[in-house]
Amino acid sequence: MAKPKLIVFDLDYTLWPFWVDTHVDPLPQGQKWRRGLQLGVASRTGEVSGANQLLSLYNLNQYLSLKEIYPGSKVTHFNKLKADSGVQFSEMMFFDDEQRNITDVSRLGVHCVLVPNGVTMKLIREELVKFSQRRPVT
Ligand SMILES: [Mg+2]
């Protein structure tokens with residue numbers, strides 16, 4: 001089954017509700033994150049130190065190998081993520097609550113998911129299935 005090598009989350013209104021609800025055990029028992037899967041965040045917030053404080057507060061840094069937190073187009077964030085991880089856009093998934101970010105990053109070839117009410121494990125599992133069923137990019 002084809003799986004992404006890098007899953008990237010927006011922070012505000014995407015990652016926070018999920019992590020806040022489950023911060024004692026952010027990755028539920030039994031959820032097998034495969035070897036080689038990297039997790040990252042891409043945020044356009046101007047509150048860079050505030051975002052980093054929350055990531056520390058919720059002990060999330062241990063799960064994140066890549067962090068791009070600064071204002072601007074998320075295309076910039078993803079070009080940096082690609083350069084730093086060595087992962088191709090076609091092997092990435094991205095969760096965000098704002099359509100403009102989904103539109104921008106989709107153009108790169110990243111599997112993008114618009115998150116209506118915060119990301120959940122259920123949504124991630126569903127999207128992993130969809131990712132595996134995609135036709136190969138030709
Ligand atoms: Mg957001």
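1. Is D97 buried, partly exposed or exposed? With a relative accessibility of 23%, D97 counts as partly exposed, because the buried class stops under 20%. D10, by contrast, is buried, at a relative accessible area of 5%. Keep in mind that this is a predicted model.

2. Both residues belong to the magnesium site. The ion takes its protein donors from D10 (OD), D12 (O) and D97 (OD), at distances of 2.0 to 2.2 Å. Water is not among the atoms, so the site may look incomplete.

3. Along the chain, the donor residues follow the spacing D-x1-D-x84-D. D10 sits in the loop between β1 (6–9) and α1 (11–21), while D97 sits in the loop between β4 (92–96) and α4 (99–106), so this pair ties together parts 87 residues apart in sequence.

4. Now the sheet. It is open and built from five strands, ordered β3-β2-β1-β4-β5, with parallel pairing. β3 (64–69) and β5 (111–114) are the edge strands, each pairing on one side only. From one strand to the next, the twist averages 20 degrees.

5. Across from F95 you'll find V113 of β5.

6. On to the helices that go with the sheet. Helix α2 (residues 48–57) packs on it and touches β2 (38–43) and β3, with its direction at about 160 degrees to that of β3. Helix α4 lies across β4 and β5 and runs at about 170 degrees to β5.

How values were computed: Residues are numbered from 1 along each chain as its sequence is written. This is a predicted model: local features need pLDDT of at least 70, side-chain atom pairs count only at pLDDT 80 or more; totals for chains, interfaces and linings use all residues. Side-chain values use heavy atoms; hydrogens and water are left out. Donors are N, O and S atoms within 2.8 Å of the metal (3.2 Å for Na, K and Ca); water is not among the atoms, so sites may look incomplete. Helices (H or I, at least four residues) and strands (E, at least two) are DSSP runs, numbered from the N terminus. Buried means under 20% relative accessible area, exposed over 50%, partly exposed in between (1.4 Å probe, protein chains only). Two strands pair if DSSP finds at least two bridges between them. Axes are lines fitted to C-alpha atoms, for helices over the stretch in contact, and angles run from 0 to 180 degrees between N-to-C directions. Contact means heavy atoms within 4.5 Å.
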